[in-house]
Amino acid sequence: MDWTLIIENSLKGLIGINAVYFAIAAIGMNVQFGYAGLLNFGQAGFMACGAYGLGMTAHYFDISFWWGIPLGILFSVLLGLLMGVPTLRLRADYLAIVTIASAEIIRLVVRSVKFKTYFGGSDGINSFAQPFRKVGNSLGIEEADEYGFWPFRFTGRELWTLIVGWILVALLGFFVYKLMKSPWGRVLKAIREDEDAVRSLGKNVYSYKMQALIMGGVIGTISGMVFALDRAAVQPDNYSRDVTFYILTALVLGGVAKVSGSIVGPMMFWGLFTFMDNFLRQVAEDPIHLGNITLMKSTQVGQLNYILIGLTLILLMVYRPQGVFGNRQEMAFDGR
Amino acid sequence: MAADRTYSPVAQAARVALDTCAREPGAKKPDPILVGDGVRRQFGGIVAVDVDHIEVQRGSITALIGPNGAGKTTLFNLLTGFDKPNTGAWSFDGRSMEKVASHRTAALGMVRTFQLTKSLTKLSVIENMRLGATDQKGEKWWNGLFSAIWKGQEDAITKRAEDLLERFKLGHMRDEYAGALSGGQRKLLEMARALMTDPTLVMLDEPMAGVNPALKQSLNEHIRGLRDEGMTVLFVEHDMDMVHDVSDWVIVMAEGRIIAEGTPDDISRNPAVIDAYLGSHQGRSLMEENS
């Protein structure tokens, strides 16, 4: 068993690109779910908005890559309005239903053969990220070179996306932190508790919920962009339901309604995930036999990994429901 | 008991003005702040509220009483925009309110509390209070980012909130979560928070429900205090002692309609009210009833 490799990969998983795009998406979901109490199960749809915004510049519109950023944001604002207008006046669970459905509709539309000219069908869109890579090169980060020190060794390509990604995490984290300390954040937290009380005090609850939904969605869009830039490709099936739920899981793991939770949660999630994956793979290389039963095959690694992650989460929810950073006291009163 | 109390000049003026009013349902008031006409709300086949005319005198404490299911809370919801009537018109301070959304009423000076207390338990007491202030610059997210824009206003709001908390004897709980308060303290907090909106009409839905007798006395004092500062108070209550003790005028509802109006003393002698509350057979024994 090669422990050096396991540890190296796990530590890389902790700060790798998966943790980055999860963290950005979780910061967004935290605005919606953690602070405003909106159950958005369609964060993957918002992420797809960002990714396709970038991808379509080259694939369909034939305009500069950089237009993809405002385009993606525009898409997600429209999506937010589309989801919010009919549902934000209703109970919270309706929003959950509509968001999960909308995200799936988006995925099915962009992967459909019918709209291949716009979205590239199930193959998605490739080769649009060059302008982004070029900026990295011009700053002296050679794509093919290796940088860093053990255990954090990355190619220039990875490094450039990571730098941009972590800067975005820091900026967006600070943005949300400042907002939640402001009277605006106070109204949001109050809405999470009791809408009618807030309405009776003269706040336009509907408008605040819409703002939170769209803001969290736009942050999710930025996450989708980072992911697409790392892969240099947009694949419709990268934006399916399970992505949303893993992000939500990572957020809960870190602790909702805390900016630190939304950043460290995804890091822990991917650190743990990579560790288990690497560890189980090494176990499977030299499987244990009990008579003619093989306890572990390499094809079972992925499944077992998800089972163990699920088990960890159940245990976490039972023994530490507020997550790692959450405020126990904030969770304690629920006598409504 | 009520007779030997001394009244503040404001209260005295309200009582004198109300004394000239007819003791009948829908009585006209000299200076109404709230007027409703033909307000009707049906839930399926049940008519919850069917009020032909209602007026609330400015600067008075008006009690809205009636047996369970009389439509008091529904009327509250209708007047504050939390529910829409099937028909009817009503105005507040001369301004027609039919088209006004519920969140706009607070800005106009009409604030309400709820029967089931809505303290925001996971916010601290002081944050609950700050939330009540209207027209906060920092409540727009683009301003919220820059604390320099809203810090000054926030400090002024905090000062006002602390004064109110002192007045309601909640000062020592300032930084506790509202969830840590007792039921009675939550009632006080909700009332104090409503006052942060700087209202002219305060509508209290059962302020005494679940409050211990000692605290009831001080709640009564607070309600009188509101009137003496020039606010109008309309409240729903079941506790008849409190109604008698604190109100200048009483409106009685039963089965969605207003059945009587008058001063507390008139009302306690009114046979229609006694019927509505206790049933028309009260005073007779079961033996007589069967025969």
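Which residue stands opposite B:Gly36 in β2(B)? In this predicted model, the residue that stands opposite B:Gly36 is B:Ile54 of β2(B), and the legends below begin with that part of chain B.

**View 1. Strands β1 and β2 of chain B pair in the antiparallel sense.** Strand β1, which covers residues 32-43 of chain B, pairs with β2(B) over 10 bridges. In general, the strands of a sheet pair through backbone hydrogen bonds, and the pairing is either parallel or antiparallel.

**View 2. The open sheet of chain B has four strands.** The order of the strands is β2-β1-β4-β5 in chain B, and their pairing is antiparallel. At the edges of this sheet lie β2 (46-57) and β5 (95-96) of chain B, each of which pairs on one side only.

**View 3. Chain B as a whole contains 12 helices and 10 strands.** Taken along the principal axes, the box that the C-alpha atoms of chain B fill is roughly 75 × 40 × 40 Å. The radius of gyration of chain B is 20 Å, which agrees with the value near 19 Å that a compact globule of 291 residues would have. Of the 291 residues in chain B, 45% count as buried. Among the contacts in chain B with a separation of 6 or more, 70% are accounted for by residues 24 or more positions apart.

**View 4. Helices α2 and α13 of chain A cross at roughly 145 degrees.** The axes of α2 (residues 17-35) and α13 (residues 259-285), both of chain A, come within 8 Å, and the crossing of α2(A) and α13(A) is right-handed. The residues that make the contact include A:Phe22, A:Ala26 and A:Ile27 of α2(A), together with A:Ile263, A:Met267, A:Phe269 and A:Trp270 of α13(A). By class, the residues of this contact of α2(A) with α13(A) are 11 nonpolar and four polar, with no charged residue.

**View 5. Chain A meets chain B through 26 residues of chain A and 32 residues of chain B that are in contact.** On the side of chain A that touches chain B, at least two residues each are supplied by α8 (156-180), α9 (183-193), α10 (195-200), α11 (205-231) and α15 (328-332) of chain A. The helix α9(A) gives the most to this side of chain A, with eight residues. When the side of chain A that touches chain B is divided by class, there are nine nonpolar, eight polar and nine charged residues.

Terms used
Residues are numbered from 1 along each chain as its sequence is written. Chains are lettered from A and ligands numbered from 1 in the order in which they are written. This is a predicted model: local features need pLDDT of at least 70, side-chain atom pairs count only at pLDDT 80 or more; totals for chains, interfaces and linings use all residues. Axes are lines fitted to C-alpha atoms, for helices over the stretch in contact, and angles run from 0 to 180 degrees between N-to-C directions. A crossing is left-handed if the near helix is turned anticlockwise from the far one by less than a right angle, and right-handed if clockwise. Two residues are in contact if their C-beta atoms, placed from the backbone, lie within 7 Å. Ala, Val, Leu, Ile, Met, Phe, Trp, Tyr, Cys and Pro count as nonpolar, Asp, Glu, Lys and Arg as charged, and the others, Gly among them, as polar. The radius of gyration is taken over C-alpha atoms; the globule rule is 2.2 Å times the number of residues to the power 0.38. A residue is buried if 20 or more other C-beta atoms lie within 10 Å of its own, exposed if 12 or fewer, and partly exposed in between; C-beta atoms are placed from the backbone. Two strands pair if DSSP finds at least two bridges between them.
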